[in-house]
Amino acid sequence: MSAQIDAPERDDPQAIAVPNPPPEADLPEIEPIISDDEFEDEVPSLDTDDPEFEEPLESIEEFERRIAAEQADADPQEGQSAPLGDPALADGDTVEEIGDAPIRDAELAAPLPPLEQFEVDPVEFAEAESDEEVVEVVYSIQINGLEEASEATETNMRDLFDDLSALEDGDGEAANVAQVSARLTEDSALLQRILASEGWYEASATTRIDRSTEPSGQPLTAVIDVIPGPRYTFADIEIDAPPTEPPDLIRDNLALQVGEPIIAARVQGAEAQVAVTLPQTGYPFAEIGQRDILLDPETADGVYTLPVDTGPRSRFGGITTTGDLAFDEEHVETLARFERGELYDSRLVDDLRQALVATGLFNTVSVQPRQSGEPAGDGTEYATIVVEQEAGPPRTIAGNVGFETGRGFLLEGSWTHRNLFPPEGALIARAVAGTREQGLSGTFRRSNAGQRDRTFQLAAEALRADYEAYEAFTGRLSALVSYESTNIWQKPFTYAYGAQLIGTNEQDYDFDLQSLERRTFFIGGLIGQIGIDRTDSLLNATEGFRVTALVEPEGSLQDGFTPYVRARLDGSAYFSPTDAITLAGRVRVGTIQGIDRFDLAPSRRFYAGGGGSVRGFGFQELGPRVTLDNPDFDPDDPDESADPFIFRPLGGRSLNEAAAEIRYRFGNFGVVGFLDAGQVYEDTVPDFSNLRFGAGVGGRYYTNFGPLRLDVGIPLDKREGESSVAVYVSIGQAF
């Protein structure tokens with residue numbers, strides 16, 4: 001922050017003031033030391049008749065040569081050797097500005113010995129050197145006079161000083177007293193800067209080093225005595241800018257008031273608010289100039305002046321694209337939430353930039369306004385929106401690995417061309433290879449299909465699943481239109497609707513035959529889903545709630561048409577009493593109406609148990625089940641360790657689940673304690689009876705794309721055939 005402070009001039013310490021007596025003063029008569037006659041008698045008279053009197057003076061060169069000759073011819077004094085070399089000059093130069101001294105010492109004319117023969121005797125000190133090691137100086141810090149200033153401001157100036165102090169950085173130790181003194185000088189200037197940033201522009205700081213009463217003089221005390229002086233306030237606030245619409249736009253958004261202290265952080269924050277507000281209210285080309293604060297030491301206040309160049313008031317004009325294009329201007333207009341002629345708002349421009357980034361099709365992309373000079377009425381002009389594109393690689397290879405008790409390992413891989421059918425027409429090939437699942441799928445997906453954030457998708461997949469509940473070979477064709485959240489763009493409201501055709505051959509237990517039988521099912525149905533999301537994060541929510549409702553009207557197409565409806569409601573809530581602790585809860589209820597369980601394909605029934613359901617149990621382990629002979633059990637083998645029976649889940653037509661978690665995070669790591677409950681029922685309405693409970697702990701490692709999750713759970717009332725311990729590994733929280 002620049003400021004002009006009028007300081008008094010210092011007197012010249014070299015000047016000596018001599019008083020002048022007034023001219024009318026009467027001075028006493030002073031008797032002369034020597035009379036004029038005696039002075040003239042003592043001065044010899046000049047002999048003007050001497051012939052040398054009229055001769056010209058010799059030059060300096062002639063004078064130097066004459067003196068050198070006289071010195072060379074002179075007899076050496078007692079103890080002095082005769083001069084050597086040329087009697088005129090020692091170095092043979094007969095004309096020099098300053099002559100060389102006569103060389104009278106023969107050693108001076110002797111050649112220097114070789115360097116390797118040059119000997120130097122070591123210097124001997126009067127006192128022997130001490131063998132004791134140098135001991136570091138220990139010191140403490142004392143600041144006097146800062147308390148009153150600290151009480152008058154919201155800023156903890158001592159904490160700020162401690163963060164930046166050279167003395168504090170030294171941890172109370174220094175190599176010597178001089179180092180302590182240097183740090184002390186630096187910190188005194190730091191304190192003055194801190195005080196000035198809070199309005200004390202005339203603060204002074206003096207320093208000293210106090211020694212302790214111990215014989216060693218340590219520890220030292222580095223003392224800074226502070227005198228804050230008066231605190232400066234705003235005497236006036238002036239805006240130097242052209243007229244705006246509305247008239248007081250700048251002043252109303254400059255959060256500074258006459259009479260309040262001149263605090264640097266508040267000044268910078270107020271100016272930043274103006275710089276943000278102007279582009280949001282029709283001034284995209286506004287520039288904030290360099291402030292000026294003129295301080296008056298006599299009144300301890302200052303006049304603040306802020307120059308602002310608002311530029312033309314503007315409305316949205318056309319959109320143009322340049323660079324290596326991923327798609328054209330027409331698709332950019334689909335992503336934009338503004339229309340031509342609307343008053344310019346930088347928030348809508350930022351929104352467009354985020355939407356372009358969310359496509360994943362760019363290495364870099366920028367969105368900037370440009371003056372067009374085209375009038376738009378009401379004293380405004382159109383601003384052209386320039387989108388600078390640099391298309392990135394359109395292809396992506398991705399993978400995902402997970403593990404879950406009862407489901408085994410799961411490895412997924414996918415290949416995606418995100419812009420094979422521009423604009424944003426993606427082709428996705430996906431493969432699944434797991435302990436219990438294997439499959440292939442192909443998907444065409446059009447993002448931002450005719451409307452911002454709307455996705456159209458066609459998919460075909462073939463899947464083999466071999467679970468404890470059923471074994472199935474399934475083919476599926478589906479079409480879906482959706483409006484959903486992504487990792488970059490979380491939406492408060494989502495929806496999806498579509499249709500699907502399913503053909504599946506599955507193994508199911510036939511109660512009439514008392515055996516497992518394979519049956520084929522053909523299913524056609526519709527999909528409808530809505531969601532409300534008021535959480536603060538898609539993958540790691542700490543505040544808010546979510547509610548999702550799914551309704552699937554379906555019909556069994558074999559042996560006629562049997563309609564039924566599958567419906568499910570999910571809700572979760574999150575609360576964080578501290579920054580490190582989050583309390584989370586989840587509930588789920590589901591029902592299938594209009595069909596008997598046996599007529600429903602096993603893969604379309606409800607199941608519970610697993611990492612996304614009731615932890616502590618294996619995948620699909622809860623609910624009605626049937627006991628079957630284990631075909632792998634050999635009663636004649638004495639070493640047989642397998643169970644003679646297996647328990648096969650049958651699924652149901654209703655379910656209920658609940659879960660509670662306490663999450664504690666420290667840095668990039670976290671721990672979780674959880675308690676889950678749930679059950680599946682044969683009836684169409686859950687009755688919340690016979691609930692099963694599982695509990696456990698988990699670990700989290702937080703990354704920039706979401707937490708990595710490892711949960712270990714156990715059933716609290718384990719039954720025969722159920723897992724003793726269940727382990728779950730995945731990405732993202734359990735809910």
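1. In the second largest pocket, β25 is the top contributor to the lining, giving five residues. The model is predicted: local features need pLDDT of at least 70, side-chain atom pairs count only at pLDDT 80 or more, and totals for chains, interfaces and linings use all residues. Residues are numbered from 1 along each chain as its sequence is written, and side-chain values use heavy atoms, without hydrogens or water.

2. The pocket has a volume of about 570 Å³. A pocket here is an open set of points on a 1 Å grid over the protein atoms alone, where a 1.4 Å probe fits, with protein on both sides within 12 Å along at least five of seven lines; lining residues have an atom within 4 Å of a point. Volume is the space filled by probe spheres set on the points, joined across faces, edges and corners.

3. The lining counts 26 residues; Arg-436, Glu-468, Ile-646, Phe-647 and Arg-648 lie nearest the centre. Two elements give two or more residues: β24 (625-629) and β25 (645-649). Strands are DSSP runs (E, at least two residues), helices likewise (H or I, at least four), numbered from the N terminus.

4. Turn to the open three-stranded sheet, order β10-β12-β11, mixed pairing. Pairing requires at least two DSSP bridges between two strands. β10 (314-324) and β11 (362-377) are edge strands with a single partner each, so one side of each lacks a neighbour in the sheet.

5. β11 and β12 (residues 380-391) run antiparallel, joined by 11 bridges. Val-367 stands opposite Val-387 in β12.
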